[in-house]
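Subject: Structure for your review

Dear colleague,

Please find the structure below.

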Amino acid sequence: MEGDEDKDNLSSVKHIVVVLSGKGGVGKSTVTVQLALSLRQAGKRVGILDIDLCGPSIPRMLNLQSKDVHQCDAGWVPVYADRERTIALMSISFLLENVNDAVVWRGPKKTALIKQFISSVAWGELDYLIVDTPPGTSDEHLALVEGLQRYSIDGALLVTTPQAVSTGDVRREITFCRKTGLHILGIVENMSGFVCPHCEECSNVFSKGGGEELAKVCGVRFLGCIPLDPQLSHSLEEGRDFIEEFPQSATFTAFK
Ligand code: ADP
């Protein structure tokens with residue numbers, strides 16, 4: 001698509017939130033989906049841009065992995081998760097011939113695709129664009145921050161589990177945000193305790209409070225904890241029809 005860099009498909013997007021984590025598997029995509037659902041429930045129109053090029057998981061979580069994107073004059077039409085078109089998604093998964101294909105790309109190719117995602121997805125009017133990123137601070141993150149320079153990003157949401165092995169990596173994310181001028185909205189501690197579905201007693205499987213402690217030490221807002229929820233995990237694995245069937249107990253409320 002020639003001349004795409006000049007397109008301004010984000011001009012009707014009111015808020016941009018970037019979801020970051022130091023490690024993989026801590027629940028970044030889960031928090032992205034939960035945040036999108038919470039915002040939808042609050043009557044907002046939401047877009048999700050999945051820039052985890054080597055491990056895109058949102059299409060599967062939303063049961064959209066078999067969908068394709070189409071072209072229109074303004075660029076790529078994102079895939080909509082519901083009939084009312086309140087949640088739109090763009091992911092590399094939709095561009096691969098086979099969803100299981102591995103993406104083995106060097107930095108410049110990743111950078112080019114992310115810049116194209118920023119300029120060429122015809123989101124239309126959105127209240128929120130949530131960007132799900134790969135773990136760490138790599139080419140994808142730099143390409144995103146550079147590509148979004150002309151827009152005002154609300155900030156980054158940092159996801160961690162309570163253990164020191166994850167919070168340590170989130171410190172590096174904080175440094176990345178400070179170096180690149182990305183405002184930090186706050187830290188979410190995921191997998192924070194397990195509430196037994198039978199007796200409702202909470203066990204701190206991975207300890208508790210590491211995210212809150214880190215927020216205090218780094219002078220960042222702590223947004224809240226999400227417990228380990230077997231029902232949520234099951235829904236994400238199966239990619240259920242998400243709007244009616246996602247467990248409401250786990251719906252993320254920190255932004256309400
Ligand atoms: P990341 O995006 O950080 O790699 P994911 O969001 O893909 O992590 O989550 C990793 C796995 O953990 C997924 O299988 C997801 O279903 C599960 N998971 C994440 N958060 C929770 C939670 N609060 N309760 C239960 N399972 C969770």
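**Packing of helices**

Helix H3 (residues 107-120) packs with helix H4 (residues 139-147) at an angle of about 35°, and their axes are 9 Å apart. Axes here are lines fitted to C-alpha atoms, for helices over the stretch in contact, and angles run from 0 to 180 degrees between N-to-C directions. Helices (H or I, at least four residues) and strands (E, at least two) are DSSP runs, numbered from the N terminus.

This is a predicted model, in which local features need pLDDT of at least 70 and side-chain atom pairs count only at pLDDT 80 or more, while totals for chains, interfaces and linings use all residues. Residues are numbered from 1 along each chain as its sequence is written.

On the H3 side, Gly107, Lys110, Thr111, Ile114, Lys115 and Ile118 meet Asp139, Glu140, Ala143, Leu144 and Gly147 of H4. Two residues are in contact if their C-beta atoms, placed from the backbone, lie within 7 Å. By class, this contact of H3 with H4 has 4 nonpolar, 3 polar and 4 charged residues. Ala, Val, Leu, Ile, Met, Phe, Trp, Tyr, Cys and Pro count as nonpolar, Asp, Glu, Lys and Arg as charged, and the others, Gly among them, as polar.

Helix H5 (residues 164-180) and helix H6 (residues 210-218) have axes that come within 10 Å and cross at roughly 35°. Their contact has 5 nonpolar, 3 polar and 1 charged residues.

**The protein and its core**

The protein has 8 helices and 11 strands. Of its 256 residues, 41% are buried, meaning that 20 or more other C-beta atoms, placed from the backbone, lie within 10 Å of the residue's own.

The largest nonpolar core holds 59 residues, of which Val19, Ala36, Leu89, Ile130 and Ala156 touch the most other members. Such a core is a set of buried Ala, Val, Leu, Ile, Met, Phe, Trp, Tyr and Cys residues joined through C-beta atoms within 7 Å. Helix H1 gives the largest share of this core, 6 residues.

**Around the ligand**

Of the 17 residues around the ligand, Gly27, Lys28, Ser29, Thr30 and Ser233 come nearest; a residue counts as near if its C-beta atom, placed from the backbone, lies within 6 Å. Two or more residues of this shell come from each of helix H1 (28-41), strand S9 (184-195), strand S11 (222-228) and helix H7 (230-238). The shell divides into 6 nonpolar, 9 polar and 2 charged residues.

Yours sincerely

How values were computed: Buried ≥ 20, exposed ≤ 12 C-beta atoms within 10 Å, placed from the backbone.
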